[in-house]
Amino acid sequence: MTESLTPSRDRLTELFLSLARIPSPSRHERAVADVVIRHLMELGLSVHEDEAGNAIEGDTGNLWCLVPGDGPDPHVAFGTHLDTVFCNGPIEPILDSDGVFRSASGTILGADDKVAVAAVLHATELLKESGRPFPSYELFFTVAEEVGLLGSRHMDERALRSPMAAVLDSSGPVGGMVVRAPSQESLHATFRGLAAHAGLEPERGRSAIQAAAMAVAGMQLGRLDDETSANIGVIRGGTAGNIIPDLCEIEGECRSHNDEKLTRVAASMVDAIQQAAAQTGVDVDVDLVHEYRSFALTSDSPAVRLGKAGISAIGLEAEIHSSGGGSDANVLNARGLPSINLQTGMMRVHSSDEYVTLDDLERLCALLLKLVELAPDFAPKAGAAQVDL
Ligand SMILES: [Zn+2]
């Protein structure tokens, strides 16, 4: 059985370094996708790619494959993403003498999410090469996750057959998992006033900046309660100190674990914008975009029970978390595929201080092997999957 399979630290190091070295900013994942496809095909697997690349103006679609073991039906799907946040220059990933992967070139490391890609590839090669029976499972690799979960939102509906999923894309030490995440609305408002010389004929002008400022001042921002937050993060407008500005834009967002509260907060932000525009006599366009939907899996959920069992099987105590952000798990849960989001060991992601330890990479791979082995004990019957929203 799979318990005797031991991840190879050398092989994991080689895999992770080679993946991290390949640039793969969102919508430009082709090179890393081709490496993943080749790797899986060499293991005798058929890899599928959907049309998401065309839909989102990227060069690559989402990938998925069945890893057939005992029986035709997969019990669980493991998900990672191929893209990284924008990276200013080539990444030089190194394994330091203290057993920590870092970037030597002052860039991100891209452990988000390549540590997970390396772990799923190595776990799969170990299982395939062992020649021993193991339960069937699926892998999927999304694109453009970092720019609003675009890949998973465009993922082919027929892609996955598993009754539950584990996304491997949460930062923090292996052993933690996210079972609850908020909904998010993004907001963009453009105020259009009337330009005029500020000293010669100020009465002719209508200031778009003043309207935007009044709107922001009229909003409740920051942490609104234990499950809700709101922010205006960008304000942009004006051309010179002596010109009444005719254009000003603001961008912001709100998040909540409670969808009714989210709707209320978003509506109050839009109200503040419209009132300020009316008071200052400027026009305004407001765009509100629902980015992703919240989810909350209960402790009875098979995905949560599987996650906990796998983590304790590798000798750790499971830590259950609520996230402040969205991931592919939001999209999958909203589609009715119950999905947890596992911590992968990646730390300080999206910064030049990003790192992950080789110990955590090894633990992540060991955890995957356990999850494959244990999944049949927890998986609900195919077609009976329910998300507890
Ligand atoms: Zn990520």
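Predicted model: local features only at pLDDT ≥ 70, side-chain atom pairs only at ≥ 80, totals over all residues.
Helix 6 covers residues 208-217 and helix 7 covers residues 259-280; they pack at an angle of about 140 degrees, and their axes are 8 Å apart. Helix 6 and helix 7 are therefore oblique to each other, and helix 6 passes helix 7 in a right-handed crossing.

Now for another pair. Helix 1, residues 9-21, packs with helix 4, residues 111-130, at an angle of about 135 degrees, with 9 Å between their axes. That makes helix 1 and helix 4 oblique to each other, and their crossing is right-handed. If you want to find the contact on screen, look in helix 1 for Arg11, Leu12, Leu15, Phe16, Leu19 and Ala20, which meet Lys114, Val115, Val117, Ala118, Leu121 and His122 in helix 4.

Last stop, helix 10. This one runs over residues 358-378, 21 residues in total, and spans 29 Å from its first C-alpha to its last, close to the expected 30 Å. Where does helix 10 bend? At valine 372, by about 35 degrees, and proline 376 follows within four residues. Helix 10 is also mostly covered, with 17 of its 21 residues buried.

Technical notes
Residues numbered from 1 in each chain as written. Helix = DSSP H or I, 4+ residues; strand = E, 2+ residues; numbered from the N terminus. Expected span 1.5 Å × (residues − 1). Bend = angle between axes of the 7 residues up to and from the residue. Buried ≥ 20, exposed ≤ 12 C-beta atoms within 10 Å, placed from the backbone. Axes fitted to C-alpha atoms, helices over the stretch in contact; angles between N-to-C directions. Parallel < 35°, antiparallel > 145°, perpendicular 65-115°, else oblique. Left-handed = near helix turned anticlockwise from the far one by under 90°. Contact = placed C-beta atoms within 7 Å.
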